[in-house]
Amino acid sequence: MTRFALALFALAALASPALAQTVTVHDLTVNGDPPPDEYRTVLNAAIETSVVPIRACYARELATHPGLHGDLRLRLWVSARQVIRVTPETSVGDTALETCAHDRVHEFTLPPQAPEGGAQVRFTMTFTPPATSSTTTTTTTTTTTTTPSAPAHAEPTPPAFVIDRVHGALSQEALDYVFRRAGLEQCTTTGHGAVPVTVSVDHAGHATATVAARPIRDAAYRTCVQHHITSATFPSGTAATRLRITITVP
């Protein structure tokens, strides 16, 4: 298989006919070029159930924002059978929908038969609300007034992180992939600010982490962050890697 096949495996779940009325995927390019015709069957035969979470993202937002629609253009870096990085290039104006769709795409894992090489993928997801039906008669006109529902309770914003510097065998892209799945959002604190963390990963992928006490002095939070980082599965490398990551608590 070529890089085209690799990228198409990652995107096949998004192009399912089950989403044709609400979510469509188009303008797909792989390394800047359209996919060749011989790989169209890969798209059609891909695992349809993988699109369910993205459809659920949209349905949930439509419940509180009727009529929400638009295009979300994404750029992906796909490597080692994983979606390593997802970068939005446009916005639909709804942060919750964009974040949910971004996370679901980022979680997609390619099947074992996919190659391990890398490819840059771009595509657009178009969100279109279901059409509403109306009945018109020559004698009666009915007007329905809907009382706006109360806004949904906003979920806490998860902490963001920036990898400041990396020295060693592992790439920043690979480390970014690990930290996005490390579960840091499960750690809570009453304080907020930027928390520097020094991480060392040996050649076998085992990590140690030192979390600074300032500006957040919450010992339970620091312990939680340290636990999730050291419990994460890092790739093995030809040598040890040392890095600094800054976690920002909103």
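I looked up Leu74 and got 2% relative accessibility; buried means under 20%, so Leu74 counts as buried. This is a predicted model, which I'm keeping in mind throughout.

Next I checked where Leu74 sits: in strand 2, residues 70-79. Then I asked which residues Leu74 touches, leaving out those up to four places away in sequence. The list came back as Val86, Thr87, Pro88, Val105, Val121, Arg122, Phe123 and Met125.

I found an open one of four strands, order 1-4-2-3, with antiparallel pairing. Strand 1 (23-30) and strand 3 (82-88) are the edges, each pairing on one side only. The twist averages 25° from one strand to the next.

I then looked at how strand 2 meets strand 4 (residues 119-127): they run antiparallel, joined by nine bridges. I picked out Trp77, whose bridge partner in strand 4 is Gln120. Helix 4 (residues 95-106) packs on this sheet and touches strand 2, strand 3 and strand 4. Its direction makes about 160° with that of strand 3.

Last, I zoomed out. I have six helices and eight strands on my list for the protein, in the pattern α-β-α-α-β-β-α-β-β-α-β-β-α-β along the sequence. Of the 250 residues, 39% are buried. For contacts between residues at least 6 apart in sequence, I noted that 77% join residues at least 24 apart. The accessible surface comes to about 14,200 Å², with 53% belonging to carbon and sulfur atoms.

Terms used. Residues numbered from 1 in each chain as written. Predicted model: local features only at pLDDT ≥ 70, side-chain atom pairs only at ≥ 80, totals over all residues. Heavy atoms only, no water. Helix = DSSP H or I, 4+ residues; strand = E, 2+ residues; numbered from the N terminus. Buried < 20%, exposed > 50% of the residue type's maximum accessible area, 1.4 Å probe, protein only. Contact = heavy atoms within 4.5 Å. Areas by Shrake-Rupley, 256 points an atom, 1.4 Å probe, with all protein chains shown as cover. Pairing = 2+ DSSP bridges. Axes fitted to C-alpha atoms, helices over the stretch in contact; angles between N-to-C directions.
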